[in-house]
There are 2 protein chains.
Amino acid sequence: MTVAPHTFDDLHVGQVFEAGPRRVTRADIATFADVSGDHTRLHTDPEFAAGTPLGGLVAHGALSLAVATGLAHETGAFETTVVAFRSLEVSYDRPVFPDDALRLELEVAELDERPKPDRGRVRFEVRLRNQRDKIVLSGHWNLVLRRDDDAAAGG
Amino acid sequence: MTVAPHTFDDLHVGQVFEAGPRRVTRADIATFADVSGDHTRLHTDPEFAAGTPLGGLVAHGALSLAVATGLAHETGAFETTVVAFRSLEVSYDRPVFPDDALRLELEVAELDERPKPDRGRVRFEVRLRNQRDKIVLSGHWNLVLRRDDDAAAGG
């Protein structure tokens, strides 16, 4: 479900954007190993992974994060309004296994009119859940979004 | 240059691991758009990107982070000793353009013997630099590494 583009001025604290589910396949994990260069055996060697406490292949944490950013794109809310993705803090709360289906919740946590009249800082709380509704990744993303033209003129 | 595996007990604060350069190609950015699902035009549409303040396509921030994890893998230091990648805080300091060549510096910032006798927590300071030695990504990663067997027995 895609929503309209949201500028800084369209947001309020507590507002939630959702996307997904997105299934993470074994092929996605293999592709991610190649593009990242992270061929750690827990992510690439099924036999080795079967002998670990997790019992099998798991997705890279950075892949879960990548999928979260893809789901954020899929909301449609920010494609034309993001000026910059400044920083993030996330924890990898649970492993993501092949064929897990992930859903994103992106909640507006803080709004700051700086740094310029034509843009504002948004801090989002991020939650990525699996098909059992368990959080696999959580944290915060700090973005800069452009403001409405009239707000910028008034600022 | 690959180094030997490093357990928690092999580390000291200030120790630095390095890897790279790794060139990030336009093909890498396209692959990353597909696997993440983030098809934001700044990353996928050369004509659109040419009209933005950055003047052309740039890599996804999450791709820079992915490349940093791949370079960490390439050091060889942690392949068999990482128990978990717990969390991270990073900022995207500068854009990464196609064909930029990135180098990783991973510095041991804090060592904490918790949470169990057979493993310890390591906080790394992370710096990813481009071919002009400018930092494009910086922050911290929090990992759990296994300890030496004799340290575990003594702990």
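Biologist: What follows helix 4 of chain B?
Modeller: Helix 4 of chain B is followed by B:Gly76, whose phi is positive, near 85°. Helices (H or I, at least four residues) and strands (E, at least two) are DSSP runs, numbered from the N terminus. This is a predicted model, in which local features need pLDDT of at least 70, side-chain atom pairs count only at pLDDT 80 or more, and totals for chains, interfaces and linings use all residues. Residues are numbered from 1 along each chain as its sequence is written, chains are lettered from A in the order in which they are written, and side-chain values use heavy atoms, with hydrogens and water left out.

Biologist: How many residues does that helix have, and how far does it reach?
Modeller: Helix 4 of chain B covers residues 61-75, which is 15 residues, and reaches 22 Å from its first C-alpha to its last. That is close to the 21 Å expected at 1.5 Å a residue, where the expected span is 1.5 Å times one less than the number of residues.

Biologist: Is it largely enclosed or largely open, and why?
Modeller: Helix 4 of chain B is largely enclosed by the rest of the structure, because 13 of its 15 residues are buried. Buried means under 20% relative accessible area, exposed over 50%, and partly exposed in between (1.4 Å probe, protein chains only).

Biologist: What area is buried between chain A and chain B?
Modeller: The area is about 2300 Å², and carbon and sulfur atoms give 60% of it. Buried area is the accessible area (1.4 Å probe) that two parts lose on being put together, summed over both. A:Val35, A:Leu88 and A:Tyr92 supply 23% of the area that chain A buries against chain B, more than any other three residues.

Biologist: And how many salt bridges are there between the chains?
Modeller: The count is 0 salt bridges, a salt bridge being a side-chain nitrogen of Lys or Arg within 4 Å of a carboxyl oxygen of Asp or Glu. The rule does find 12 residue pairs in polar contact across the interface, both residues at pLDDT 80 or more. A polar contact is a pair of N or O atoms within 3.5 Å; within protein, one must be able to donate a hydrogen and the other to accept it, and residues adjacent in sequence count only if both atoms are side-chain atoms.

Biologist: Lastly, is A:Thr7 buried or exposed?
Modeller: A:Thr7 counts as buried, at 6% relative accessibility. Its side chain is joined to that of A:Asp148 by a polar contact of 2.7 Å.
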